[in-house]
Amino acid sequence: MNASLLKPALPGISSSKRLGFFSFSDGNKPFHSKPRGVCLIKAAMEETQTLKQDVNGMVDKLANRHAGKNHNQLSTIGNSTNIKWHECPVEKIDREKLLKQKGCVIWITGLSGSGKSTVACALSHMLYQRGNLSYILDGDNVRHGLNRDLSFKAEDRVENIRRVGEVAKLFADAGFICIACLISPYRRDRAECRSMLPNRDFVEVFMDVPLQVCENRDPKGLYKLARAGKIKGFTGIDDPYEPPLDAEIVLQCNTGDCSSPCDLAEKVISYLEVEGYLQA
């Protein structure tokens, strides 16, 4: 084929008589740049090879981690059938290195009016000021969306806690410090949430505030309604609250002797520092 019949692939570039080299024209003054052409091709080849090595390395990492496992095995979890867990090469430890912290769940439990949400917000703000990423799962907030289909009946309260526990687990796996603040009155439900996470990644914080103090605060007027019989199954009035037996952190507030929300949050910060969660 006559080389002169070939059209240039790009403006200013014409075919060369030798394969792999190009002639670059500058207006009416053509010039040949064989050394530069060689460098361009060589650089492109090296970049492609590097990309292939990076991709292959990630694939090898994933393959080696699951050597000997049956990737075709399907599972049945609850009412979900024929499902399979898919692994990715970027793991929790990689995300933690990126965020420079360790993912965990801070589970704040206590009576209504004990200060769970207030302490959670203070804690989140203090973590933010330190450069640590957190997210709050507030009991009322999740019922505005995720759990809006659930009532306060016993079976629905169990499902409410289970869902929040599962979402909190995802946040922790993403490397976040997830702060869940819910009444969560039953030990069994809290224990199930604890079992969802690796050992030590579930930090239970008990707001140890007497019922009288909570009822005197009554920020939402719920105790008054419960005492009047307008709310049934209200925790602390006609439904029990089971205090934790082995909470990692206990924040006490008695009548006339209560620390500020920031002081209480600082105790949680101190625990996280000692346990190494605020650095990766």
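**Entry 1: strand E6**

I began with E6, where Cys 104, Ile 106 and Ile 108 point one way while Val 105, Trp 107 and Thr 109 point the other, and all of them are buried. I note at the outset that the model is predicted. Counting along the strand, I found six of the six residues of E6 buried, so that the strand is mostly covered by the definition of under 20% relative accessible area.

Next I looked up the neighbours of E6. E6 pairs with E8 in the parallel sense over five bridges, and Ile 108 has Cys 181 of E8 as its bridge partner. Five bridges also join E6 to E9, again running parallel, with Val 105 standing opposite Phe 202 of E9.

**Entry 2: the sheet**

Which strands make up the sheet, and in what order? I read six strands in an open sheet, ordered E7-E8-E6-E9-E10-E11, with mixed pairing. E7 (134–138) and E11 (257–258) are the edge strands, each pairing on one side only. Between E9 and E10 I found four bridges and a parallel run, and Met 207 stands opposite Leu 251 in E10.

I then asked which helices lie against these strands. H3 packs on the sheet and touches E6, E7, E8, E9 and E10, its direction making about 165° with that of E8. H6 also packs on the sheet, touching E6 and E9, and its direction makes about 155° with that of E9.

**Entry 3: the nonpolar cores**

I looked for the largest nonpolar core and found 35 residues in it, with Ile 106 and Ile 108 having the most contacts inside. The elements that give two or more residues to this core are E6, H3, E8 (177–181), E9, H7 (211–217), H8 (222–227), E10 and H9. H3 supplies the largest share, six residues. A second, separate core has 14 residues, among them Val 105, Leu 137, Val 142 and Ala 180.

Leaving aside residues up to four places away in sequence, I listed what Ile 108 touches: Lys 116, Val 119, Ala 120, Ile 179, Ala 180, Cys 181, Leu 182, Val 205 and Met 207.

**Entry 4: helix H9**

Within H9, I found Leu 264, Ala 265, Val 268, Ile 269 and Leu 272 buried. These residues cover an arc of only 150° around the axis, so they sit on the same side of H9. The elements covering them include E6, H3 (116–130), E9 and E10 (249–254). After H9 comes Gly 276, with a positive phi near 80°.

**Entry 5: loops and single residues**

Lys 100 has a phi of about 60° and lies in the loop between H2 (92–99) and E6; Lys 100 is exposed, with a relative accessible area of 61%. Arg 200 has a phi near 80° and is found in the loop between H6 (187–195) and E9 (202–208); at 44% relative accessibility, Arg 200 counts as partly exposed.

From Leu 245 to Phe 206 I read 39 residues in sequence and 9.6 Å in space, C-alpha to C-alpha.

Arg 163 lies in H5 (154–173) and counts as buried, at 19% relative accessibility. Apart from residues up to four places away in sequence, Arg 163 touches Leu 146, Asn 147, Asp 149 and Leu 150.

**Entry 6: the whole chain**

Among contacts between residues at least 6 apart in sequence, 69% join residues at least 24 apart.

How values were computed. Residues are numbered from 1 along each chain as its sequence is written. This is a predicted model: local features need pLDDT of at least 70, side-chain atom pairs count only at pLDDT 80 or more; totals for chains, interfaces and linings use all residues. Side-chain values use heavy atoms; hydrogens and water are left out. Buried means under 20% relative accessible area, exposed over 50%, partly exposed in between (1.4 Å probe, protein chains only). The arc is that of the directions from the helix axis to the C-beta atoms. Contact means heavy atoms within 4.5 Å. A nonpolar core is a set of buried Ala, Val, Leu, Ile, Met, Phe, Trp, Tyr and Cys residues joined through side-chain atoms within 4.5 Å. Two strands pair if DSSP finds at least two bridges between them. Axes are lines fitted to C-alpha atoms, for helices over the stretch in contact, and angles run from 0 to 180 degrees between N-to-C directions.
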